[in-house]
Amino acid sequence: RESDHRAWTPVTYTVTRQNATVQGLIQGKAYFFRIAAENIIGMGPFTETTKEILIRDPITVPDRPEDLEVKAVTKNSVTLTWNPPKYNGGSDITMYVLESRLIGKDKFHKVTKEKMLDRKFTVEGLKEGDSYEFRVSACNIVGQGKPSFCTKPITCKDEIAPPTLDLDFRDKLIVRVGEAFSLTGRYSGKPAPKVTWLKDDIVVKEDDRIKIKTTPTTLCLGIVKSVREDTGRYCVTVENSTGSRKGFCQVHVVDRPSPPVGPVIFDEVFKDHMVVSWKPPLDDGGSEITNYIIEKKDTHKDLWMPVTSATVKTTCKIPKLLEGREYQIRIYAENLYGISDPLISDEMKAKDRFRVPDAPEQPIIKDVTKDSAVVVWNKPYDGGKPITNYIVEKKETMATRWVKATKDPIFPGTKFKVPDLLEGCQYEFRVSAENEIGVGDPSPPSKPIFARDPIAKPSPPVNPEAVDKTKNSVDLSWQPPRHDGNGKIIGYLIEFQKVGDEEWKQANLTADSCPETNYKVTGLTEGLTYKFRVKAVNAAGESDPAHVPDPVEVKDRLEPPELILDANMAREQHVKAGDTLRLSAVIKGVPFPKVTWKKEDHEVSPKADIEVTGVGSKLEIRNTVHEDGGMYSLTVENPAGSKTVSVKVVVLDKPGPPRNLNVSDVRSDSCYLTWMEPEDDGGSVITNYVVERKDVASAQWVAISSSSKKRSHMAKYLMEGTQYLFRVAAENQYGRGPYVETLKPIKAIDPLHPPGPPKNLHHVDVDKTEVSLVWNRPDRDGGAEITGYLVEYQEDGADEWTKFQTVPMLDCVVTGL
């Protein structure tokens with residue numbers, strides 16, 4: 001039982017030895033145990049342990065300490081650390097023993113003091129240059145445990161490590177004026193580095209506001225109540241004999257801006273508004289000016305009125321003034337961090353003063369050459385102050401920017417020769433007048449002019465000649481004149497004269513109607529002879545005429561027709577039904593041939609669009625149908641001959657209906673259908689036939705075959721006695737043609753045959769004029785119910801049988817014999 005419980009717990013019932021192992025105990029708890037002996041009669045009394053037994057492992061010396069490491073080495077000391085053993089032997093560690101051995105010696109010597117429990121120790125008093133190894137052991141109440149694994153041999157000398165620098169600040173820092181800020185970080189290095197702070201490459205010195213604090217591992221620069229002058233590039237340098245590291249921070253100490261710089265200048269003053277300007281603040285507070293706030297005040301009142309609070313320009317129009325009143329203007333500058341103190345103007349009365357001159361009227365341009373032009377204008381109203389200068393500006397017509405024609409003053413004359421124009425460019429000019437108030441508005445731009453020398457009439461065209469003719473026209477050709485008179489040739493004037501007449505007639509009324517070096521003179525009379533001449537025209541006028549050397553007789557020049565076929569005029573042209581048929585050819589011949597299109601030697605369909613041009617002809621039929629197919633011919637004819645070409649056009653369409661649909665061999669459950677192929681296969685091979693049937697009582701057709709390539713089909717699975725209609729359609733690659741249908745319904749019944757002969761005919765009674773006959777039914781009824789029996793008789797020796805009558809039963813009395 002547990003020492004703090006009363007209840008006993010059995011451990012085992014069947015122990016025959018004098019010992020037992022008790023399992024399942026909890027470490028750290030105390031227990032009592034008792035034992036009783038037992039025989040077949042029963043159990044004897046228990047014997048109990050005299051004192052409680054605490055459950056724990058047996059105590060041993062500790063394991064060896066772990067992770068013995070060298071943390072620092074100098075020329076006369078070594079610093080080591082270690083971790084406790086994994087197992088303390090069952091008893092708390094009472095101390096650690098650190099031992100050292102000089103390399104080359106056999107023995108380890110204890111270097112720690114008594115009762116040392118720290119796991120870090122610096123061994124001092126070592127000799128520079130000597131090498132040592134170290135080990136450590138743990139002790140508990142039982143004794144000293146195994147030593148740890150030895151360190152590697154360590155030579156006593158000063159360690160060297162280049163500086164490291166770990167900063168807590170970024171590249172950029174923004175601070176409001178009056179706030180404190182600090183730049184901190186950590187550093188290391190052996191030997192201990194020197195720390196230096198710079199601002200804009202100048203060493204930072206401590207004062208009442210600037211504090212520098214440096215520990216062996218940390219550094220800090222702090223500034224309290226920052227001012228604008230603290231703005232700059234700060235640099236911290238950590239340096240020892242092995243190298244240096246630097247860290248930078250651009251500190252911006254920001255504030256509201258200083259006031260705008262005065263005085264406030266009144267650029268314009270009028271009776272109802274003023275225009276004022278000022279200069280930006282000397283100090284923008286470290287942040288760009290985002291806004292100026294402008295206010296106005298009537299000097300008779302104490303109230304400042306807002307004008308605008310949304311401008312970044314250093315000029316402003318002050319509107320809504322009362323004529324004759326005096327005003328003051330107040331201006332604030334604003335940035336991200338606040339609004340400056342104001343700049344206040346002098347007093348200014350709202351009234352009109354002298355003004356700049358008016359704009360001159362539109363100037364006139366004279367004496368244009370390839371690089372200059374003379375600009376002439378009239379003097380405008382001077383605005384109340386004498387005009388002191390004129391400003392002449394030029395610009396190319398397509399440009400947007402005006403350029404001064406000269407930097408020199410132009411006065412008092414009202415004309416100016418503008419130099420340095422670019423030959424061939426188009427220019428406009430304008431003029432502004434200036435007085436002591438300022439420069440007035442510019443005049444309207446002059447009319448555009450081209451910079452080029454004055455032009456003369458051109459020389460005559462070169463080598464005019466007649467290159468072609470018909471019965472009422474002559475084609476002329478020539479070369480341009482050798483000299484264009486410095487002006488663009490606008491075109492040519494063509495004149496003709498009937499031989500024997502004195503008067504020359506114009507073939508064209510204006511030169512620009514003939515800009516090229518050829519012209520067709522039309523409206524001439526067949527058989528007459530004409531002279532021709534040509535004049536060149538530029539902006540300066542007409543040239544002297546150039547004559548065609550010889551008179552020309554007007555008559556057709558004969559060339560037999562010629563046909564150049566397009567690809568769609570090959571021997572056979574296929575076109576799908578519904579598409580557009582196009583046939584075309586290039587036609588040549590002088591005179592131009594007469595064009596005739598025919599189909600199968602008849603006129604083409606009225607739906608065909610036929611187009612004839614001076615170079616060819618085209619036939620076009622939209623939404624073609626099968627009937628549009630056939631042999632098309634194109635004939636061209638003139639007095640020199642004729643030519644004909646033909647093309648077979650096949651319009652590919654769905655086939656026509658099959659022919660001669662016939663039903664035979666009708667049975668009660670089937671019949672046999674046959675038909676002939678359609679007269680028209682649509683221009684494409686028939687791929688299959690579609691066969692359908694319909695019960696006459698139903699509205700629905702049912703397909704019974706859709707892939708038959710034969711022209712017959714056995715229609716099976718009919719219902720006996722039902723009447724059926726059948727229909728068949730042909731299909732090709734362009735679709736299914738119309739159906740052909742049976743003319744009348746077919747009834748599904750087996751065919752009828754005459755019945756077999758009656759059997760066992762004999763007489764049963766005879767009289768002198770009559771005979772009673774009986775017989776049996778025939779073996780077969782021929783497929784239908786027997787409706788009666790025809791009785792005939794024949795006189796012995798005669799050839800003919802005589803019909804007596806038809807009876808319904810199997811007996812008959814023949815009378816009248």
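Strands here are DSSP runs of E at least two residues long, helices are runs of H or I with at least four residues, and both are numbered from the N terminus. The model is a predicted one, so to speak of local features takes a pLDDT of at least 70 and side-chain atom pairs count only at pLDDT 80 or more, while totals for chains, interfaces and linings use all residues. Residues are numbered from 1 along each chain as its sequence is written, and side-chain values use heavy atoms, with hydrogens and water left out.

First, the chain as a whole. Its secondary structure comes to 0 helices and 68 strands. The radius of gyration, taken over C-alpha atoms, is 65 Å, well over the 28 Å that the globule rule gives for 817 residues, so the chain is more spread out than a compact globule. The rule itself is 2.2 Å times the number of residues to the power 0.38. Along the principal axes, the C-alpha trace spans about 170 × 155 × 75 Å. Of the 817 residues, 36% are buried, where buried means under 20% relative accessible area, exposed means over 50% and partly exposed is in between, using a 1.4 Å probe and protein chains only. As for contacts (heavy atoms within 4.5 Å), 61% of those between residues at least 6 apart in sequence join residues at least 24 apart.

Back to Thr290, which is partly exposed because its relative accessibility is 40%. Leaving out neighbours within four places in sequence, Thr290 is in contact with Val312, Glu334, Asn335 and Leu336. Lys520 is another story: it comes 230 residues away from Thr290 along the chain, and their C-alpha atoms are separated by 75 Å. Ala507 is also a loop residue, placed between β40 (505-506) and β41 (518-521). With a relative accessible area of 25%, Ala507 is partly exposed. Outside the four places on either side in sequence, Ala507 is in contact with Ile494, Glu495, Phe496, Tyr519 and Val521. Phe532 is 25 residues from Ala507 in sequence, and the two are 9.6 Å apart in space, C-alpha to C-alpha.

Next come the salt bridges, each a side-chain nitrogen of Lys or Arg within 4 Å of a carboxyl oxygen of Asp or Glu. The count comes to 30 salt bridges by this rule. One of them pairs the side chains of Glu133 and Arg101, at 2.6 Å from N to O. This pair links distant parts of the chain, 32 residues apart: Glu133 belongs to strand β10 (residues 131-139) and Arg101 to strand β7 (residues 95-102). Both ends are tucked away by the cut-off, since Glu133 is buried at a relative accessible area of 12% and Arg101 is buried at 17%.

Another salt bridge joins Arg209 to Asp230, with N to O at 2.9 Å. Arg209 lies in the loop between β16 (202-203) and β17 (210-214), and Asp230 in the loop between β18 (218-223) and β19 (232-240), so the pair ties together parts that are 21 residues apart in sequence. Here Arg209 is partly exposed, at 22% relative accessibility, whereas Asp230 is buried, at 5%.

Glu677 and Arg711 also meet in a salt bridge, at 3.3 Å from N to O. Again distant parts of the chain are linked, 34 residues apart, with Glu677 in the loop between β56 (671-676) and β57 (688-695) and Arg711 in the loop between β58 (702-708) and β59 (712-715). Glu677 counts as partly exposed at 32% relative accessibility, and Arg711 is partly exposed at 43%. On a 1 Å grid over the protein atoms alone, a pocket is an open set of points with protein on both sides within 12 Å along at least five of seven lines, and lining residues have an atom within 4 Å of a point. Of the 21 lining residues, Pro758, Trp775, Tyr789, Leu790 and Val791 are the closest to the centre of this pocket. β66 gives the most to the lining, with 4 residues. By class, the lining has 14 nonpolar, 4 polar and 3 charged residues, with Ala, Val, Leu, Ile, Met, Phe, Trp, Tyr, Cys and Pro taken as nonpolar, Asp, Glu, Lys and Arg as charged, and the others, Gly among them, as polar.

Notes
On a 1 Å grid over the protein atoms alone, a cavity is a set of points where a 1.4 Å probe fits but cannot get out, and a pocket is an open set with protein on both sides within 12 Å along at least five of seven lines; lining residues have an atom within 4 Å of a point.
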